[in-house]
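Work through the exercises below with the sequence and the model open. Each task is followed by a stepwise solution.

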Amino acid sequence: MKKVLLVCAMGAFLFSCGKSACDCKKESEELAGEMMKVAFSGNADEAAMKDLQDKAEALKEDCKDYKEADYKECK
C-alpha cells in the first residue's frame, strides 16, 4: 500500500512541475529582450540568434496549451 501511495505522490509532483501561463509570459518577454540585444548589438552573432530561436521554439511548444485569456491574469 505504501508503494501505491508513493507512486501516486510522485506522479502528482511530476505533473505539477509544468510551466504556468505566467511563467510562459515571463520567459517569452525575457527571450524577446535577449533577441533584441543580439539583433541590435552591432555585431549580429548568427550562432547566438540561432540558439535563441531554438529556445523560442521550445518555449512555444511548452506553452502551446495556453490561450490569450490565460495570460491576462499575469502581472
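Residues are numbered from 1 along each chain as its sequence is written. In this predicted model, local features need pLDDT of at least 70, side-chain atom pairs count only at pLDDT 80 or more, and totals for chains, interfaces and linings use all residues, while side-chain values use heavy atoms, without hydrogens and water.

**Exercise 1.** Find how many disulfides there are and state the pairing in sequence order.

Solution. 
- Apply the criterion: a disulfide is a pair of cysteine sulfur atoms within 2.5 Å.
- The sulfur atoms of Cys 22 and Cys 74 lie 2.1 Å apart, and those of Cys 24 and Cys 63 lie 1.9 Å apart.
- The count is 2 disulfides.
- With the bonded cysteines numbered in sequence order, the pairing reads 1-4, 2-3.

**Exercise 2.** Classify Cys 24 and Cys 63 as buried or exposed.

Solution. 
- Buried means under 20% relative accessible area, exposed over 50%, partly exposed in between (1.4 Å probe, protein chains only).
- Cys 24 has 3% relative accessibility, so Cys 24 is buried.
- Cys 63 has 8%, so Cys 63 is buried.
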